[in-house]
Amino acid sequence: MKYQSQLVAKNYFIAAILLFTGQILFGLIMGLQYVVGDFLFPEIPFNVARMVHTNLLIVWLLFAFMGAAYFLVPEESERELYAPWLATLMFWIFLIAGALTVIGYLLFTYSDLAALTRNELFPTMGREFLEQPTITKIGIVIVALAFIFNIGMTVLTGRKTVISLVLLTGLVGLAVFFLFSFYNPDNLVLDKYYWWWVVHLWVEGVWELILGSILAFVLIKVTGVDREVIEKWLYIIIAMTLITGIIGTGHHYFWIGTPDYWQWLGSVFSAMEPIPFFMMTLFAFNMVNKRRREHPNKAAVLWALGTAVMAFLGAGVWGFLHTLAPVNFYTHGTQITAAHGHMAFYGAYVMISLTIISYAMPIMRGRTANGEKAQVLEMWSFWLMTIAMVFITLFLTAAGILQVYLQRFTEDPVPFMVAQQKIEIFYWLREFTGLVFLIGLVLYIYSFFVKEENVAA
Amino acid sequence: MDTERTKPLPGDFAIWIFIFAELMVFGVLFIAYAVTRSLHREEFAYYQQFLDRETGALNTLLLITSSYFVVKAVLAIKQDKVQQCVNGLGLALLCGCGFLVAKTLEFSDKFSAGIRLSTNTFYMFYLSLTFFHFMHVILGMVILAAILFKARAGAYNHREHTGVETGASYWHMVDLVWIILFPLVYIIR
Amino acid sequence: MDHSVSTRLHHSVNTWAHQQTRAKRIWFALMFLTVFVYTCGRFGFSSQWFVILVLASSLLKGYWIIAEYMGLRQVARKWRWLVQGWLVLVIVLIVIIHQL
């Protein structure tokens, strides 16, 4: 580790993995509730489990991105972090606020939580992903501002590289788009219109910038390929992302009361969104093939390549599957969406987080790479989680296709719940593969605790 | 002899990946337009009458000429003629500005007539295609301007001029796309 | 001055002048085609043949821009085919869809 202040990232990464575990547990609870409807009722109703599952995902990814930024920005800027104490302070504030919010979800009925946090003063609650009480949202803004101030000052007063500037742009975009969570108009169409700007302009816009810069950073480190080559690719990928992603987000505007032209703009531009992901795949494999050194951290290289492939499959291919307006007419809001959501989040953002954690954690613990045993274990966890996710996606896709057919496409469509009953088998299979995913995750965590002799320092 | 076909793509390889992706995007947009037009022939033919072909043709001449100046700039830097290169890029930018001015007048004319994306399918295509291309002209000009300043600072010579070729390739792509866009949207009925 | 160097220099200057002239001719041709097609349109040709004429002129102009201005004439064939293939494909598809 080159700079002492990079160490602040460690807490962020540990918190990220713990929250990740929580997310998976709630995912399993909810997966079972799909088939055993009253499981854990009334303690944890389905809507609460779903809320915790999705909110934990977003929060732990934010922890991971912040950790990644705190780790890589000092190294890129060639200086210590502007204010390490602020990073640590914000960590605790964010963690405690996040924990309180989740506890609030679990202990109170949602409407009581709204009353308790005085939602009526400034109503922002009650929308998917944005369920947090207004006070928590304000907390998130404060944490984000302090974080961007800290990172921004470090970047601007140090060596400026393409990687750190792209990362900073992505982070600023993240913060700016989050502000739309405070806009909550009465008109439902208008509300939905801006609602998509928060999480979805993140995932197909600014988060791709963050993803690209973290991937570029890790690739420079593990392959030893010239920075100029890697930065050039990064530029092009980012440009393509923004050209396709911003207007492409119009594919969320089908059939919700927005003007017709979104069907064209959304279809055409989002159909191009796989391009930057495909370029990322080419990029990662090219760089690894051109590598100038054999980095001892094989697991990190595996995660990096995995990210490039799975992001393309999950975000690119599975996104394209239902992005064209005429197709989406049938698939809108079915299990096809769930299939895409699972593989895209895992392939793009979960895996890039695990990539940087895999690369940075050993270094922060005083060695270039983990020993043989720990790495083998980590690679096992990679394959278990990734293959499990592929199967979860396939089962959900099958469920989705059947659902679309039974409920929307056939001559005499059946009601929602009847269709759900007929696709039960796929929900069971998904739940089973979810358990395999959990085993992968346990192995992953266990790999941090493997004791080994003679590990290269 | 210049028939040998061994040279690498002019400019940075990465810009070519970008150019291929851009061509794909425009290609899909063109085909989408053509298909929709064939489904709404009368509507399209009727509203096409109101497009301003004179400025359209003028814009074609401007883009072709600016491409020519860019070619001259690339040829100049290969002979270490920095001033000529700078002049070429400057004239190309001037033509680009002309394009932007003409196009802005055209857009403001349409907007003041109350035409929006949601007016009808034809105007939706007309506005989004031309505006998307308009943004590319701006991007191309930003790239050319950056190269102009670098060239003036003496960053390029007959051995090292990849940057000039990179920007030139992108600019020609913007020209190439307009060569199809203009007849497709403005002329063919 | 070494004789061979001066010959080579002379040769390269020659090629350079040649390239200059060539670029200028292409420019004239591009301008002429544009004005010509515009004039045809002005005089009210609007038959199927006019559509073919317009697209053929676009094809030719695109061909020149790719081969000469982008400089793909001197580049490995696969790249040139990729870009010119795009041009031909798009224009042919437009013609076919137009005729439907």
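Trainee: Leaving aside its neighbours within four places in sequence, which residues is A:Thr154 in contact with?
Mentor: This is a predicted model, where local features need pLDDT of at least 70 and side-chain atom pairs count only at pLDDT 80 or more, while totals for chains, interfaces and linings use all residues. Residues are numbered from 1 along each chain as its sequence is written, chains are lettered from A and ligands numbered from 1 in the order in which they are written, and side-chain values use heavy atoms, leaving out hydrogens and water. Contact means heavy atoms within 4.5 Å. With those neighbours set aside, A:Thr154 is in contact with A:Val73, A:Ser77, A:Arg79, A:Glu80, A:Leu81 and A:Tyr82.

Trainee: Is A:Thr154 buried or exposed?
Mentor: A:Thr154 lies in helix α5 (residues 134-157) of chain A; helices are DSSP runs of H or I, at least four residues long, numbered from the N terminus. A polar atom of its side chain lies 3.1 Å from the backbone nitrogen of A:Tyr82. Buried means under 20% relative accessible area, exposed over 50% and partly exposed in between, with a 1.4 Å probe and protein chains only. The relative accessibility of A:Thr154 is 0%, so this residue counts as buried.

Trainee: Which chains share the most contacts?
Mentor: Chains A and C do not touch, their nearest C-alpha atoms being 16 Å apart. That leaves two pairs of chains in contact, and the pair sharing the most contacts is chains B and C.

Trainee: What area is buried between chain C and chain B?
Mentor: Here 46 residues of chain C are in contact with 49 residues of chain B. Buried area is the accessible area (1.4 Å probe) that two parts lose on being put together, summed over both. Carbon and sulfur atoms give 72% of the area buried between these two chains, which is about 4,300 Å².

Trainee: Which three residues supply 17% of the area that chain C buries against chain B?
Mentor: The area buried between the two chains is about 4,300 Å². On the chain C side, 17% comes from three residues, more than from any other three: C:Trp16, C:Met70 and C:Trp86.

Trainee: Which element gives the largest share of the side of chain B that touches chain A?
Mentor: On that interface, 21 residues of chain B are in contact with 14 residues of chain A. Two elements of chain B give two or more residues each, α1 (13-39) and α5 (121-152). The largest share, 12 residues, comes from α1(B).

Trainee: Are the rings of A:Phe391 and A:Phe395 stacked or tilted?
Mentor: Rings of Phe, Tyr and Trp (its six-membered ring) pair if their centres lie within 6.5 Å, with planes under 30 degrees apart counted as stacked, over 60 as edge-to-face and the rest as tilted. The count over all chains is 78 aromatic pairs. For A:Phe391 and A:Phe395 the centres are 6.0 Å apart and the planes are at 45°, so the pair is tilted.

Terms used. Polar contact = N/O pair within 3.5 Å; in protein donor to acceptor, adjacent residues only side chain to side chain.
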